[in-house]
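Have a look before reading on.

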Amino acid sequence: MNAVLKGIAVIGLILYPFFVGYGLAEGHYAWVSVLLIALGMMRMFSKGNALLWPLTGFAILCGGLSLILKDHAWLKLYPVCMNVGALIIFSMTLIKPPSMIERLAEPDLPPEGVHWTRQVTKVWCGFFAINTLTALWTVYFAPMKVWVLYNGFISYVLMGILLLGEYVLRKRQQRLHQAQK
């Protein structure tokens, strides 16, 4: 059941910008607020990685503030909060190693692998900083269609490109390192 809850929460949060776009277009932001809270609660009870709990808290906070304050802007701010949260999490792992990418990579990396993963973690921090500012811009200065397009599609494509680029470069780096041995 834990995996089912986690899966539903992840899919729901990925599709979240489309729910917001539809809900706000129809004037029904309250159900989107409740949905965001429910997805956050599902994620919380699925007992995922404790490092990601701030992201879960942001979902519940944004949904709750939207309901309490009757202000749909909090629904649009959720992707901003997610990027800020990811930036904080990745940055904290640079202060208190191992870095986030090292945690996700193969265990027992050689020193050059640890250095590589720290540098990649820094790149991800830069990405999350830029993505935060862009998402924030879409909240206050872009039409709803642009907000949905950026936060529901473009940011994921950019993330995928960064993931793919990192993977290709990591494999290249590993081959170069093995050739030097």
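Q: At roughly what angle do the axes of helix α1 and helix α3 cross?
A: This is a predicted model, where local features need pLDDT of at least 70, side-chain atom pairs count only at pLDDT 80 or more, and totals for chains, interfaces and linings use all residues. Residues are numbered from 1 along each chain as its sequence is written, and side-chain values use heavy atoms, with hydrogens and water left out. Axes are lines fitted to C-alpha atoms, for helices over the stretch in contact, with angles from 0 to 180 degrees between N-to-C directions. Those of α1 (residues 2-14) and α3 (residues 29-45) come within 8 Å and cross at roughly 145°.

Q: Which residues of α3 make the contact with α1?
A: Contact here means heavy atoms within 4.5 Å. On the α1 side you'll find Asn2, Leu5, Ile8, Ala9, Gly12 and Leu13, and they meet Leu36, Leu39, Met42, Arg43 and Phe45 of α3.

Q: What percentage of the residues in the protein chain is buried?
A: Buried means under 20% relative accessible area, exposed means over 50%, and partly exposed is in between (1.4 Å probe, protein chains only). Of the 181 residues in the protein chain, the buried share is 36%.

Q: Which helices do the buried residues of α4 pack against?
A: Helix α4 covers residues 53-69. Its buried residues are Leu55, Thr56, Phe58, Ala59, Cys62, Gly63, Gly64 and Ser66. They pack against α3 and α5 (73-95).

Q: Which residue follows α4 with a positive phi?
A: Let's walk off the end of α4, which has 17 residues. The phi there is near 50°, and the residue is lysine 70.

Q: Is threonine 121 buried or exposed?
A: You'll find threonine 121 in helix α7 (residues 111-141). Its relative accessible area is 0%, so threonine 121 is buried.

Q: Which residue's backbone oxygen does the side chain of threonine 121 reach?
A: Setting aside neighbours within four places in sequence, threonine 121 is in contact with Phe90, Thr93, Leu94, Ser99, Met100 and Ile101. Its side chain also reaches a backbone oxygen at 2.8 Å, and that oxygen belongs to threonine 117.

Key. Helix = DSSP H or I, 4+ residues; strand = E, 2+ residues; numbered from the N terminus. Polar contact = N/O pair within 3.5 Å; in protein donor to acceptor, adjacent residues only side chain to side chain. Expected span 1.5 Å × (residues − 1).
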